[in-house]
Structures are given as C-alpha cells and as structure tokens.
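Student: I would like to work through a structure by asking about it. Please show it first.

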Amino acid sequence: MLFVRGVLAGAMILLGIVILVRMLAVVPAGGFAVVPGVVLGVAMIALGVHRLKLIARVRGMQ
Amino acid sequence: MSTSSNAPKPELRRSVTPWGSFSWGYSDVGADIFVGLGLVLAWAAGASNVAFLFAGVVYVCIGLAYTELAATYPVAGGGQYFVMRGLGDIFGFIAGWAVLLDFTIDVTLFAWTSVDYTSQLAPALVNSVHPWLHFIVVLGLVMGLCLLNVVGVRESTAFNGVVSALDVISETCILCFGFLFAFRPQLLIHTMQMHWPSPYELMLGTSLAIISFVGLESISQAAQETQRPASIIPRTSVALILTILIFALAYSNLALGLQPWHPITDSAGHPMQFWQIFPQNADNQGKAVALLAAQVPYYGAFAALYVPVLGAVLLLISSNSGVFGSSRIAYAMSSSNLLPSLFQRVNRAYRTPAISIVFFSAIALIELVFAAAPALFPGVSSLYARFFHGENGLEFLADLYAFGAATSYSFVFLGLIGLRMMDPLSPRKFKIPFNIPMRFRGERVDFPVVAVFGFIGIFSILLFTLRTHALGRIFGPTWLILGLIAYLFYRRHRRLPLLRSQKHDWRNEQTEILRRAGELELMDEYLSNLRASDERRAAGRS
C-alpha cells in the first residue's frame, strides 16, 4: 500500500512540474490567465512532497 | 427503538479509523467535483478555472478552520457546535440548521447525479428523456441509503474506503493522461480570453464552484466516532484539503484547455470546444467528469467504460454521507437543547440515531419532489419558467446547496474567532497559521487573520448566491425562518432562554470530551491550563 501511495505521490510531483513548466512557457501571451494553471502546478508539487514526507515518516516508524 | 429511562444511555461507537476519517470526507467533498464541474463550466465558461480558484482559496480557509475546530472539540456536532460555543445557542442553531439543509440537499443532489452518471451507460435514465424513470430510481436510492444508515456506520465506512481509494487512483490517471497528451496551454489562454463571462455569470459560476468544496463537515461529523481525533483529524484534513483543491483546479483547467480526442460538433456540424457541450445541453451538466474522461487520449477508451460507474458509486457514497451527516448534526443539536430530544435517541440494536436518519431522509425526499417537478409536470415547468428563470432540477438543488454551505461556513468563521477569544485555554494541537497575539480578559489569545479573510470570501459567495440564484434566495431564507420559528417554540416549551444561551459548564464538558476521545494528554494539559489561569486570577484579586 505504501508503494502505491509513493507512486501516486511521485506521479503528482512530476505532473505538477510538467504543468508548471508548460504554463510558464505561455506567460508572455497569457498574462493573468496563467495564474490558475501555475497555482495548480505548485499545489500538485506541494501535495506530492507532503505525501512523500508522510510515507517517509511511516517507513521510519516501521 | 427508544431507550428505557433507567438503562445507560447508548453512545455513538468509535469505529472510524484514520483512513475511514479521510474517506468519509473524501467521499463527500471529493464527489462534489463530479457535480460542480458541469454546472460551473455551463455558467462561468472561460473563467471556470478562476471561479474554482477563488472558491478553492476560500475552501482552504474553511478547511483549516474545520481542522482546528474538529481537533480541539471532537464532537459529532461539527459547525453548529463550534458556533454555539463561540457565539451562543441561537447562532449555533442557525449554523446547524443551514448545515442540515445542506446535508439533506446532499442526499438528493448526489443521488440525482449518481443516476445522471449511470445514464452515460444506460441512456434510458437520461432525465429529459424519461423523467419519471429518473425520479423513481433516485427515490429508490434515497430510501435504500436511509435503511443502510439505520443499520450502522461500520459497514458504510469500509465501503467508502475502498471506493475512495479507487477514485483517487482513477482521477490521478485521468489527469496524468489528460495533461500529458490532450492539454494545450495556448488553447486554455485562448478560451479564457475569448469566452470570458459577464460579471453576473462569473458571480453565478463562483457561487456554484463552492459546491465543489462542501464536505469537510463530514470529518468533524465523524470526530465523535474517530479514534484519537486530535491527532488524526489534522493529518487527514490537510491531505484532503490539498487533494480536493488540486482535483477541482485540474479538471477546470483541463476542460478549458482540452484538445478532444474525438472531434466534437454541434447539431449543425460546426466544431466545438469540449467545455461548450455543457451550456448547450443541460443533460451533460450532471455527468461532466465522465464526459471529460472519455475525451482523454488512450486512457479515455478504458475510462469511458468505468468512470460513469465509479462516479455513480462515489456520488452514491456522498449521498450516503449526507444521511450520515444530517443524523449526526441533529443528534448533536438535540444534545445541546437546540432540537427536541427525539433526535437524540440512539437505536439500541444498531447504536445509530435512527429517528434522525428517517426524518431527514424524508426531508430529502420532499426536496427531490421540488427538484423533479418541472420535468414531471409541464404545468410546474411553466411556473418555474415564469418565476425562477426556468431553473432545472439540478440547478434547484445546487442553488440550495450553495446557500446552505455559504451561510453555515460564514458562521463557522465567526465561531472560530469567538472561540479563540473566549476559550484560549483549550489545547489546540493544530492551529491555523498567521495569528495576531493579544490579550483578552486577562488571557493571552491569538487572533486568527485567516478566519477574517475566509469570512470575507465566503460571505461574498453568499451574496453572489443571493444575487444570482432565483430559487436559492427564496427557499434558503425560508428554510432558515421556518427553522427559527420552530426553535423559538421549542425553547419556549422547554422554558429555556429564547434568544440568550442556556447555562453551560464548558470546563467540565471540554474535559469530558477529551476524556471520551481518548486524548488524555490533552485533557491533562487543559486541566493544567485551567489551574494556572485560576491561580493568576486569584493572585490578581488579592
């Protein structure tokens, strides 16, 4: 179960990075319109890191 | 059914585990995007992601407030209990009554959209094609869930856990494939610039977006049945808040910037963007996630088969959370003399509040009749068209859902501020960040800045709801007024203060709450804080 959670967290971080990079690439054309996408990318990375930290803590306790 | 007077009073059993606590919340709030996405895309169009972002920021504030309050006061009352302790009995009643409206709507709304998702695979269930069949199936689901909840919470929790896990995996897969293979940032920017809605539509879309974030109440509802709540609730809530925020933002951004796998055309054969299918056809609004999943390259072929089923099951669980939540709120309100003791009775065999469950399920059925009436009876349809902008059944339910949520959350923020000021001695294992330290009535208190911003945000959404929802601004306040009249009659009958609060011994009550929750370290800390405070006061007097 921990492995599956780890994979999901990793996927979330990677996807967050992809979205962030792609949204930042259209900043000159989009301006304000990129904000929701950038927030999404940052939130995905934050959630992935949060989950990985929790998994590391659980593994440390085992 | 009822208990004898000399027997020990049965209590709700503590059977909800950490994953159970997460899945109760997830199954409720996680399912909201299945309902909210189509409605928001239909109204907010190119600004749907902005509507979700605004509502999402408010939701994060709400989530943090609930996390702090539920961990500090782990009782089954949720919002109404916090408001009652922070502001007084009558405000606690209003907040609780608004939440009860939300949970009864939740039962009907999610059973309704569960059938809508099923209709993706079984077209006979499409509401506009066979409204009577749609109505009868929803009716059967609500009655079935009522029975399930009378039998007990343990079975429901296990079921929730499995479906929630499947849904998190499924949604992650849909978003991965969608963003990697079908998302075009340039298309998103183009859509936002070319299809920006009018201010009225944006307000309406934003007030509908908040319904995608309703359900954290479930965690605090389950607090009285969660093991070690002060430790578990903050852990599950933070993960839940971020997960839900991400799914809502991701779906709305993806929907606006999606290059469909299969070309989409209107009736005249002109190509359309994906999001445009929602304003064009109301039947699509109730199954948005299934339609989006089917347009994701590669994975969509598989997703088109199972997402309608998974969505239908998740929505059914959310509907179940509504039955669970309403009965627990009524149980808690009854314990606090805000509702008659009838709602406090726990079934001896199943240890569930059976009377509350049946009563609020019946209200959910009445709401279903109001929502289904325009489709079932042409005469009612013309009445709705004349007086209520011709709102359909789904919009009727969404109106009331948004009203109830915005009202109760507004009071919860005020309750949080009140409790920080009036009860600074209760140990808070989780505290919302960004506070202003100050002294109040001789005690050091932390004034919560986030709660002020959250209140401004949710109150503005309440104003948007009243401004833009033709049915919500009539039925919502009517529900509150009728409830208040009944409350005043009940309090008069019991010879309790009508507008003021009855006397509460919060110190003993808080000690007992922490003892029952198994939070003995926090209980010791609380007693130590009380002793130190009393000594300071005595020293001050002498």
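Student: How far apart are the centres of domain 1 and domain 2 of chain B?
Tutor: This is a predicted model, where local features need pLDDT of at least 70, side-chain atom pairs count only at pLDDT 80 or more, and totals for chains, interfaces and linings use all residues. Residues are numbered from 1 along each chain as its sequence is written, while chains are lettered from A and ligands numbered from 1 in the order in which they are written. An automatic or database assignment sets the domain bounds, giving domain 1 (23-504) and domain 2 (508-542) in chain B. Taken over C-alpha atoms, the centres of the two domains of chain B are separated by 36 Å.

Student: Which residue class supplies seven residues on the side of domain 1 of chain B that touches domain 2 of chain B?
Tutor: Contact means C-beta atoms, placed from the backbone, within 7 Å. By that test, 14 residues of domain 1 of chain B meet 13 residues of domain 2 of chain B. Ala, Val, Leu, Ile, Met, Phe, Trp, Tyr, Cys and Pro count as nonpolar, Asp, Glu, Lys and Arg as charged, and the others, Gly among them, as polar. On the domain 1 side, four residues are polar, three are charged and seven are nonpolar.

Student: How many nonpolar residues are on the side of chain A that touches chain B?
Tutor: Chain A gives 22 residues to the contact and chain B gives 23. Helix 1 (2-25), helix 2 (27-30) and helix 3 (35-61) of chain A each supply at least two residues of the chain A side. Helices (H or I, at least four residues) and strands (E, at least two) are DSSP runs, numbered from the N terminus. By class, the chain A side has one charged, three polar and 18 nonpolar residues.

Student: Why is chain A described as more spread out than a compact globule?
Tutor: Chain A runs α-α-α from the N terminus, and its C-alpha atoms fill a box of roughly 50 × 15 × 10 Å along the principal axes. The globule rule is 2.2 Å times the number of residues to the power 0.38, and the radius of gyration is taken over C-alpha atoms. The rule gives 11 Å for 62 residues, so chain A is more spread out than a compact globule, with a radius of gyration of 14 Å.

Student: Where in helix 14 of chain B is the kink?
Tutor: Helix 14 (residues 299-335) of chain B reaches 50 Å, close to the 54 Å expected. The expected span is 1.5 Å times one less than the number of residues. A bend is the angle between axes fitted to the seven residues ending at a residue and the seven starting there. The kink of about 40° comes shortly before the proline P308(B), at L305(B).

Student: Is helix 14 of chain B largely enclosed or open, and how many of its residues are buried?
Tutor: A residue is buried if 20 or more other C-beta atoms lie within 10 Å of its own, exposed if 12 or fewer, and partly exposed in between, with C-beta atoms placed from the backbone. Helix 14 of chain B is largely enclosed by the rest of the structure, because its buried residues number 30 of the 37.

Student: How far is the C-alpha atom of L41(B) from that of A209(B)?
Tutor: L41(B) lies in helix 1 (residues 18-44) of chain B. L41(B) is buried, with 30 other C-beta atoms within 10 Å. Although L41(B) and A209(B) are 168 residues apart along the chain, their C-alpha atoms are separated by 9.4 Å.

Key:
Contact = placed C-beta atoms within 7 Å.
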